[in-house]
Amino acid sequence: MASNSGDDIVENLLQCAVCMESYEESGRQTPKMLPCQHSFCVECLEIISRFGRIQCPSCREQFSTSVDELSRSLVLIQLLDTRGSSPRRNNVTDANLSILLKEKFRDPDNAKEYLSKLIEKILRVKKFNLEEIEAVLNCIQYYRIPSDKSRSIQIIATKFVMYSISFGGGAVTVHLLSEVATELIKTMGVFNDDKLSSEVLLLCLAVLALPAMMNKSSFSNLDLAHLLMTILTTNQNSGIERKFVEFLTNIPRKLSRSDNAIIGNRKYVENLLSILRKKTNTSSRDATFYNLLALLTSLTDETPSTCTNIVNAGGLRIFAELLEDNDPRSNKGVLMNLNNLTEVPEICYHFLNGNSDAVECLLKFMNSDEIHISYCAAAVISHLLTIDFKEWERLTKSPNLRNRALTNMYNCVMEWSQRPSVICFYVSYRSFKPFYPLLQRYDAPPLQLFAVWTIWEFCSFSSDTYQEMLIKEQGIDYLLELNQNLYVDKNVKKFAELTIKLIHLFGK
């Protein structure tokens, strides 16, 4: 058995047994003694003090006292006077971790040791300081060159970031932690499909997804989306695929429409559809499948170029097949995608061409007892019905299909108006602009009814959002025109009048 030298024993005595920081003669690292004769620094005693009671970390005995009432440990302070209060710089201690890390992070072995010590300290005392975080950031910036050694250092550093966040911190601290995660992500610019690279990036995504990181990262959402999409094109790891798709699902909502169009380029879309195709062929309805539907819905929302890329890559066929599968959990996602796609007039022709079976499926969905499914199917059909009767007959080879669709749509809208609606909880709009052309279709009252009922429904649901949107877009002019036209269908006129009254009350 090895024996400790006298210097080592004294060195241990001069460190707080909780935080392992060296004692000081004054300040928050001053040693104070509990009635049980065990001593700890002021800072740790304040942390473990609860409502005027302190439980000794060593013997677990409890005392009714405050930290201020405790006496300083005179023996330890005399030892500090004798030896000097500064810690020995050739030892790695909690007190000098950040200094040593700044000085020696170029040595991979030392860097790993210091980072591991930081993690041990954080897990033990549940606190950290800005100097330590800055030291970690310096270390990460140095190890940006991809290699197995740097990857292992990055994993340790990322774990440090996650532990730090879990124990809280001020706004400045959160900003620095986001910088650490951001720097790590930037190292993925040259990505190797290996376990280390994957683990680093997944940990970083977990960090940036935390609520504390909201809007703190300097890494733009567009750059992050590019990076994840690029990695997905070469990735063979199902775990990476699942996590990346899950994370990507939330990014389009934070991007402008022009940025969404960039992310919805042909290469990225083809890869997303190839993953969806594999899931469809194997009847795999896992989290990745449903997240893919949500991601594609976000990417196609009022982004015609992405819609065109999806159609050119065979996406329309995949969605038509999924319609026929009639999976209750995916129906809404499929219909939402088809709604976005068919907002592009040219795509309506593609959808109808020899595809009467898909139209029949849509009619069945429009008659669904679930009002949000019925509505989503009607939304798709409303776009298809903008094509005239002769073209419908030519494309679908079914002479009565368009008339049936119009009749069913009118009946469905009138049925919705008699039921408590939950549509607004499932569907949202950034604009009413897609509905204004439908309001002008005097040759097709069912289309007018669908459009005016939708506007009334959403304006009734949220006056602040949708009524204001209608006023800003001058959509009220279309409703006034309907209200004044003597030949407009009575139910179309009724919902136009109701909406106008809502806007009038809103203006007051």
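## Briefing on a predicted protein model

Among contacts (heavy atoms within 4.5 Å) between residues at least 6 apart in sequence, 67% join residues at least 24 apart. The protein has 508 residues, and buried residues make up 50% of them; buried means under 20% relative accessible area, exposed over 50%, and partly exposed in between, with a 1.4 Å probe and protein chains only. There are 27 helices and five strands, where helices (H or I, at least four residues) and strands (E, at least two) are DSSP runs numbered from the N terminus.

This is a predicted model, in which local features need pLDDT of at least 70 and side-chain atom pairs count only at pLDDT 80 or more, while totals for chains, interfaces and linings use all residues. Residues are numbered from 1 along each chain as its sequence is written, and side-chain values use heavy atoms, with hydrogens and water left out.

**Confidence**

- The mean pLDDT (the predictor's confidence in each residue, from 0 to 100) is 81, and 77% of the residues reach 70 or more.
- Residues 1-6 have pLDDT below 50, and this stretch has one contact in the model beyond near neighbours in sequence.
- Residues 85-95 also have pLDDT below 50, but for this stretch the model shows 30 contacts beyond near neighbours in sequence.
- Where pLDDT is low, the predicted coordinates should not be read in detail.

- Helix H10 covers residues 221-234, which is 14 residues. From its first C-alpha to its last, H10 reaches 21 Å, close to the 20 Å expected at 1.5 Å a residue; the expected span is 1.5 Å times one less than the number of residues.
- The buried residues of H10 are Leu222, Leu224, Ala225, Leu227, Leu228, Met229, Ile231 and Leu232.
- Helix H16 (residues 315-325) has Gly315, Leu316, Ile318, Phe319, Ala320, Leu322 and Leu323 buried.
- The cover over the buried residues of H16 includes helices H13 (266-281), H14, H15 (304-312), H17 (331-342), H18 (345-352) and H19 (356-366).
- Asn326 follows H16 and has a positive phi, near 55 degrees.

- Thr288 lies in helix H14 and counts as buried because its relative accessibility is 3%.
- Leaving aside neighbours within four places in sequence, Thr288 is in contact with Glu241, Arg242, Val245, Ile275 and Lys279.
- Thr297 is also found in H14, which spans residues 287-300. With 14% relative accessibility, Thr297 counts as buried.
- Again leaving aside neighbours within four places in sequence, Thr297 is in contact with Gly333, Met336, Asn337 and Asn340.

**Two exposed loop residues**

- Ser283 is found in the loop between H13 and H14, and its relative accessibility of 56% is why Ser283 counts as exposed.
- Ser283 and Asp325 are 42 residues apart along the chain, and their C-alpha atoms are separated by 9.7 Å.
- Pro328 is found in the loop between H16 and H17, and at 65% relative accessibility Pro328 counts as exposed.
- Pro328 and Ile373 are 45 residues apart along the chain, with their C-alpha atoms separated by 9.5 Å.

**The largest pocket**

- Pockets and cavities are found on a 1 Å grid over the protein atoms alone: a cavity is a set of points where a 1.4 Å probe fits but cannot get out, and a pocket is an open set with protein on both sides within 12 Å along at least five of seven lines. Lining residues have an atom within 4 Å of a point.
- The largest pocket has a volume of about 640 Å³, where a volume is the space filled by probe spheres set on the points, and grid points are joined across faces, edges and corners.
- Of the 29 residues that line the largest pocket, Thr297, Ser298, Asp301, Met336 and Ser428 are the closest to its centre.
- H14, H17 and H20 are the elements that give two or more residues to this lining.
- The lining of the largest pocket divides into 13 nonpolar, nine polar and seven charged residues. Ala, Val, Leu, Ile, Met, Phe, Trp, Tyr, Cys and Pro count as nonpolar, Asp, Glu, Lys and Arg as charged, and the others, Gly among them, as polar.

**The cavity**

- The structure holds one cavity of 30 Å³ or more, and the largest cavity contains about 50 Å³ of space.
- The residues lining the largest cavity are Asn339, Glu343, Ala379, Ser382, His383, Tyr429, Pro434, Phe435, Leu438 and Phe450.
- Helix H20 (residues 371-384) gives the largest share of this lining, three residues.
- By class, the lining of the largest cavity has six nonpolar, three polar and one charged residues.
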